[in-house]
Amino acid sequence: MNMSDSERTRPVIERMGYSWTDNEEEADLLGVLACSVRQKAIDKVYSRIHKWNKRKDRQNLLTFLTGCILPADKVKFMKLFDIVFPMSELQQLPEMISQYGIVTPVSLQQSQENIDYRNDRLKDLKQKAGSLKLNEHIFDFWHVDPEYTSHFEAFVPIQNGCDKFCTFCAVPYTRGREVSRPSKEILDEVQSLIDRDFKSITLLGQNVNSYGLDKNGDEIGFPELLEKIGKLGNKSGKEFWVYFTSPHPRDMTDEVIEVIAQYPNLAKQIHIPVQAGDDKMLIRMNRKYSVDDFRKIIKTIRELIPEATIFTDIIVGFTGETDEQFENTRKIMHEFEFNMAYIAQYSVRPGAVSSRWEDDVPVKTKKQRFHKLTEDLTRVSHEQNKKMLGKTYRVLIRGKERNQKYLAGLTEGKINVRVPSADDSLIGKIVDVKINIATEFSVAGEIV
Amino acid sequence: MATDYHKTHRVEEVKDLTPSAYIVRFQKNGMQFQAGQNLNLGLKGDTEKRDYSIYSPEQNEFLEVLIKEITTGLVSKKLRRLQEGDELEVDGPFGFFTISGESRKKNKFLFIASGSGIAPFHSLALSYPEMDYQLIHGIRNSDEAYERKHYANGKYISCVTADKSGDFHGRVTDYLKQNPPDKDTLCYLCGNVNMIYDAFDILKEQGLPSSNLFAEVYF
């Protein structure tokens with residue numbers, strides 16, 4: 001999601017006459033696209049803005065903050081950044097910057113007008129602290145033509161916000177309610193990417209598979225959206241893979257899986273976050289499904305799409321997690337044979353329901369559980385990768401490895417592949433690779 | 001935490017049920033909801049908001065929430081001081097602790113509540129009086145049998161722990177052990193997490209599949 005936000009921010013800023021620099025020291029405009037999923041990320045924003053504000057004594061500098069921000073953080077950041085706005089108001093950024101003057105930022109200019117503007121913004125924000133407008137301009141945001149950072153991989157936002165209220169997460173408070181992007185816009189963007197020969201297209205949203213539910217029948221649902229994209233793929237005759245992230249297990253219907261099975265361009269890789277393998281932990285997390293419910297989803301995927309890879313997200317050390325509950329999570333790692341799991345040690349996110357509970361699993365225990373589960377994943381993943389040996393897979397070459405002697409790519413199932421070659425011309429192409437080495441989290445092979 | 005989705009609703013009444021529990025009634029403003037859902041609400045302009053199950057039935061012209069005052073809480077104490085005409089900020093409805101019309105027709109239900117966790121069951125029972133249900137309510141004292149007269153005869157069973165004034169003396173978990181439900185019963189649990197965990201274990205030991213168990217935890 002952050003990548004997609006970034007791809008839409010860049011053209012808006014460039015249209016104002018700014019050019020990009022990799023050297024932070026020479027920038028006149030510095031911004032942060034924040035992520036509130038973890039407190040650490042927000043702590044980094046505080047650290048960074050203090051550093052930038054020190055530079056204002058010796059340099060013209062304008063700072064802005066956008067992205068995923070809690071209302072309480074937003075009020076604090078308004079005092080530190082020159083401009084703070086929800087991502088949905090991105091289209092208004094030029095207007096906001098014009099209030100400061102593009103050439104002479106407010107920190108040095110300090111005209112009464114600018115001081116008044118900033119004070120008014122702060123006052124207004126404080127007054128509206130109980131009613132921050134999170135999604136008012138999300139449709140404008142979706143109209144921004146993105147500047148893709150890759151010529152073969154793209155992210156397409158289809159939905160914003162979340163109505164699920166998992167107790168460990170603050171997204172419903174930072175991104176607001178679920179809002180679906182009109183399907184015509186999504187299909188137009190996907191068609192344009194197909195026309196430009198993109199190879200990997202990822203549909204993005206906090207709950208992609210509840211797409212359309214907020215429109216009460218006035219919009220198609222997620223399976224229908226996937227089906228239309230599948231048909232675009234069939235019509236094009238081109239080879240490309242369409243992914244989506246993140247779905248919620250509660251909305252993962254058989255229909256979604258059936259459509260993926262049916263259309264070749266819908267990638268046979270499903271990322272479905274289980275978060276825990278214990279019913280009581282799932283209750284505490286307010287996930288609204290049981291391990292049995294999740295088991296049924298995996299069974300359906302395995303039956304309808306036997307070649308599919310399955311990725312997941314898991315939190316260890318969530319409030320109240322006992323040894324027994326953690327062991328249940330270890331069991332599902334083996335039972336469901338995930339190809340990959342993004343494992344996180346629980347950390348308190350202010351604004352989430354769980355932030356009001358004691359974070360009662362010691363850090364040491366969290367680390368131990370993290371390492372144990374990672375070891376389990378390593379074994380499971382390695383076994384899965386071994387099954388690839390001797391077989392040939394279509395692989396999207398994404399770039400060179402650091403040592404320049406290998407190309408790095410991904411299978412349709414998003415398994416990392418290393419290929420001994422230095423041929424730059426293959427980057428962005430899908431090639432056949434015969435797998436001859438399988439390690440824990442990747443495979444290697446020769447182009448055939 | 002508040003968002004632009006919070007709408008203003010005017011308070012109609014605050015009714016005390018016990019020294020620590022009360023009902024806030026406020027304007028419905030046309031909100032459509034399904035019994036069992038919850039709202040996120042708080043004082044106007046206050047960033048602190050909390051989730052409360054809707055207590056009133058779907059057909060009423062107002063909305064009600066049942067609130068247990070938490071002595072260390074940031075929101076429940078403020079809400080108790082509300083007066084008629086004051087403004088609340090309300091977002092919702094949310095949640096999936098609901099029962100479809102088809103399920104209501106063909107299934108038998110056991111509602112298991114502790115304390116103010118009875119709120120969604122009050123809404124369900126009054127919204128769908130034809131439903132085949134039994135409600136067991138774990139409370140410390142009989143005065144916490146909030147508005148028990150609202151339930152049809154024999155439908156409500158209080159499990160009182162402090163004395164023998166209830167329909168059953170002991171915890172809801174003790175009641176469940178002595179009165180196991182039929183294995184095809186759909187069990188809905190709402191209240192504090194410890195009660196839910198214990199009841200969950202008992203019901204599973206009694207042979208109910210986890211697909212028959214639904215929980216809404218109050219935090």
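**A guided tour of chain A**

Begin by selecting A:Phe222, A:Pro223, A:Leu226, A:Glu227 and A:Gly230 in helix α10, which meet A:Glu255, A:Val256, A:Val259, A:Ile260 and A:Gln262 in helix α11; contact requires C-beta atoms, placed from the backbone, to lie within 7 Å. These contact residues divide into six nonpolar, two polar and two charged, where Ala, Val, Leu, Ile, Met, Phe, Trp, Tyr, Cys and Pro count as nonpolar, Asp, Glu, Lys and Arg as charged, and the others, Gly among them, as polar.

The model is predicted: local features need pLDDT of at least 70, side-chain atom pairs count only at pLDDT 80 or more, and totals for chains, interfaces and linings use all residues. Residues are numbered from 1 along each chain as its sequence is written, while chains are lettered from A and ligands numbered from 1 in the order in which they are written.

Next, select strands β13 (residues 406-411) and β14 (residues 416-420) of chain A. They pair in the antiparallel sense over five bridges; pairing requires at least two bridges found by DSSP. Four residues separate the two strands of this hairpin, and A:Lys414 in the turn has a positive phi of about 65 degrees. A:Leu407 has A:Val419 as its bridge partner.

Now colour β14(A) by side chain. A:Val417 and A:Val419 point to one face and are buried, that is, 20 or more other C-beta atoms lie within 10 Å of their own.

Conventions:
A residue is buried if 20 or more other C-beta atoms lie within 10 Å of its own, exposed if 12 or fewer, and partly exposed in between; C-beta atoms are placed from the backbone. Two residues are in contact if their C-beta atoms, placed from the backbone, lie within 7 Å.
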